[in-house]
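Here's a quick briefing to read alongside the model. Have the sequence and the 3D view open as you go.

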Amino acid sequence: MKKSPRRTANDITLMLNAVLGEDRFDRGPVDVEALALEYTRKTAGAHGEYIERIVADDLDGCEGALVPGETKPRRWGIIYDRRQSPGRRAYTVAHEFGHFMVHRHLVDQDPAFDGGFYCSKDAVEHGSGKDIEKEANEFAATLLMPLDDFRRIIPANELADLERLGRAAQRYGVSLTAATLRWLSYTRTRAMVISSTEGYAHWAKPSEAALKSGRYIRTRNEMYEMPASSLAVRKVGGDEALTGVRQAAGVWFPESVVEMCMRTDRYDFELTLLHFDGKSPAYQAELEDAGDAYTQFFGRTER
């Protein structure tokens, strides 16, 4: 029986905890390139397959790839686009590592993967395309940001501002967006993150508590224009934007919110974080279109 991507990554996490200690993130993030090479070689066993090399290249229209050798037992290679920052690169390599651990058998079973796994930007960032891309993202997030450690530094019942989430991103060696999305996946607070450019949202992701209270933004089939008084549109920066300002009821939603924003000049977009007061109301809003929120764990904001 095939293990789930999450279970597979959790098994590796338990091994790392046993070898390096449960406080290992106090000393630095997962060295995912060294891990992929060493772990797959040492666990090759009877099948004899492992990742032999990880290299950078100029990949147009492709974030990363897992490529098989021609002879058996196969030796595999991971290729990533050399223009990625360290946070992006770590997630891309972890994504391809996930394909090796969970999906490599498809190369011999499905003609669509005869040449390996070539992952577009949308596949790595959004988990777009086949289900295996979502599974590879789940593996990457679980491996790089274990929930037991994340919950220790930011408990599920506590709100997190962008400064606190930025420290989490540094701890795990990932992008701020990746860390924020991971936090949203388990927090019991009502919060939402939005990525926007030139006053329009690309995607938005609410926490479960926010979603159940009807706080979500549709972005899949329509253009969502950011409020004129939002920090992103007004291009407010500095400490005020990072620690948050309270926006009155009616600006974003029928209730007031605390809004934070960080602009990334390198990628020319803004990341907005909204905090709502209180717990989720008892009612359940119509959620049929809320699934267009970006639900994976990698975004375009870099460290």
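**The sheet and what packs on it**

Let's start with a hairpin: six residues link β2 to β3. Keep in mind that this is a predicted model, where local features need pLDDT of at least 70, side-chain atom pairs count only at pLDDT 80 or more, and totals for chains, interfaces and linings use all residues. Residues are numbered from 1 along each chain as its sequence is written, and side-chain values use heavy atoms, with hydrogens and water left out. Helices (H or I, at least four residues) and strands (E, at least two) are DSSP runs, numbered from the N terminus.

**Sheet**

- Four strands make an open sheet with mixed pairing, in the order β1-β3-β2-β4; strands count as paired if DSSP finds at least two bridges between them.
- At the edges sit β1 (50-57) and β4 (117-119), each pairing on one side only.
- From one strand to the next, the twist averages 15°.
- β2 and β3 run antiparallel over five bridges, while β2 (residues 64-68) and β4 are antiparallel over three bridges.
- G64 has bridge partners on both strands: Y80 in β3 and C119 in β4.
- L66 sits opposite F117 in β4.

**Helix α3**

- α3 (residues 86-103) lies across β1, β2, β3 (75-81) and β4, at about 150° to β3; angles run from 0 to 180 degrees between N-to-C directions, with axes fitted to C-alpha atoms, for helices over the stretch in contact (heavy atoms within 4.5 Å).
- Of its 18 residues, 15 are buried, so α3 is largely enclosed by the rest of the structure.

**Helix α8**

- The buried residues of α8 (residues 162-172) are L162, L165, A168, A169, R171 and Y172.
- Their cover includes α6 (131-144), α7 (147-153), α9 (176-184), α12 (238-243), β9 (257-264) and β10 (269-276).
- Just after α8, G173 has a positive phi of about 65°.

**Cores**

- A nonpolar core is a set of buried Ala, Val, Leu, Ile, Met, Phe, Trp, Tyr and Cys residues joined through side-chain atoms within 4.5 Å.
- The largest has 58 residues, of which V32, F97, F150 and W183 touch the most other members.
- Not counting residues up to four places away in sequence, the contacts of W183 include F150, L165 and L273.

Conventions
Buried means under 20% relative accessible area, exposed over 50%, partly exposed in between (1.4 Å probe, protein chains only).
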